[in-house]
Amino acid sequence: MPRSMWGKSIALCALFLAGCKTVPPPQQLKNTSHTFASVVVDAGHGGRDSGAYRRSGPPEKVVTLDVATRLSRKLRDSQFNVVMTRTGDVFIPLDTRVDIENSTPNSIFVSIHFNDSRRRGVKGFETYYHSPYAAELAQNIQNRLCSLKGAVNRGVHTADFRVVRKALYPAVLVECGYLSNRSEGREARNGEYRELLADKIAQAIVEQRHGLGAYQAPATATAPAVVNQEPQPQQQKRKPVLAPPGEGPGLAPPTLSGH
Ligand SMILES: [Zn+2]
């Protein structure tokens, strides 16, 4: 999410929320934060929605898919059922992502993003949630990411991003650093670093479910990256649903469409 859009996005979100009746009432929220058997892994953006973009590296949609793919592999190795909202370079509407998460029983939802700012010096990790049942998971992921060397902690926050706001199960959105920052942008282009990101997030999820010390880094830790400037072959079995007018990226402000 571009930081520069923050103020504008808050105003637009407020407008949107004013007419929104789709936020689950609190009694419908499910607390599966310690019992979940499935993890819905959401690679942010995709297809015509590139997310944050810097000429110096691949767009956000490419690095989110790579981290999400690595994370999914680690979670499967840790015996979780994993559902990815996309496995290729395809556009998936936000409401479709929500439908996937809400139709996966006994799950949690983890959305992977990278950040962007006009202020090149801004850097660090942020994790967002909406349901109070996701607060602990968000904090655990943030703590693990911030254990990386040189990490900057920009905190855990509540947010009205659609994929967390409309989730019935505990849902978090992780901003894995700023593509606009020289050092974090360089790190994001590095497959070994993305492996570390995925490993820290996987560790937090496994420990959230099974307790501290339960995570064992899988032997597949050095599997090849999928990052590439070229569009990936279509691997998505689920047929994406086209967004209604005004909902798709390019039609709405990037901050709203992006999350
Ligand atoms: Zn994003």
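Is His45 buried or exposed? I looked this up before anything else. His45 is buried, at a relative accessible area of 4%. The cut-off for buried is under 20%. I keep in mind that this is a predicted model.

**Entry: the zinc site**

I went to the zinc ion next. I find three residues coordinating the ion: His45 through NE2, Glu60 through OE and His113 through ND1. The distances run from 2.1 to 2.2 Å. I wrote the donor spacing down as H-x14-E-x52-H. His45 sits in the loop between β1 (38–43) and α2 (60–77), and His113 belongs to strand β3 (residues 107–115), so this pair ties together parts that lie 68 residues apart in sequence. I checked burial for His113 too. Like His45, His113 is buried.

**Entry: positive phi**

I then looked at backbone angles. Most residues other than glycine have a negative phi. His45 is not a glycine, yet I read a positive phi of about 65 degrees there. I place this residue in the loop between β1 and α2.

I noted Gln79 as well. Its phi is positive, about 75 degrees, and Gln79 is not a glycine either. I locate Gln79 in the loop between α2 and β2 (81–84). Is Gln79 buried or exposed? I get 68% relative accessibility, so Gln79 counts as exposed. The cut-off for exposed is over 50%. His45, by contrast, is buried at 4%.

**Entry: strand β4**

How many residues of strand β4 (residues 125–129) are buried? I count 5 of the 5, so the strand is largely enclosed by the rest of the structure. I sorted the side chains by direction. Phe125, Thr127 and Tyr129 point one way from β4. Glu126 and Tyr128 point the other way. I find both sets buried.

**Entry: partners of β4**

Which way does β4 pair with strand β5 (residues 153–158), parallel or antiparallel? The pairing is parallel, over 4 bridges. I see Thr127 opposite Val156 in β5. I traced the connection as well. β4, helix α4 (residues 135–145) and β5 make a β-α-β unit, and I record its hand as right-handed.

I also followed β4 to strand β6 (residues 171–178). Here the pairing is antiparallel, again over 4 bridges. Tyr129 stands opposite Val172 in β6.

How values were computed: Residues are numbered from 1 along each chain as its sequence is written. This is a predicted model: local features need pLDDT of at least 70, side-chain atom pairs count only at pLDDT 80 or more; totals for chains, interfaces and linings use all residues. Side-chain values use heavy atoms; hydrogens and water are left out. Donors are N, O and S atoms within 2.8 Å of the metal (3.2 Å for Na, K and Ca); water is not among the atoms, so sites may look incomplete. Helices (H or I, at least four residues) and strands (E, at least two) are DSSP runs, numbered from the N terminus. Buried means under 20% relative accessible area, exposed over 50%, partly exposed in between (1.4 Å probe, protein chains only). Two strands pair if DSSP finds at least two bridges between them. A crossover is right-handed if, with the strands pointing away from the viewer, the path from the first strand over the helix to the second runs clockwise.
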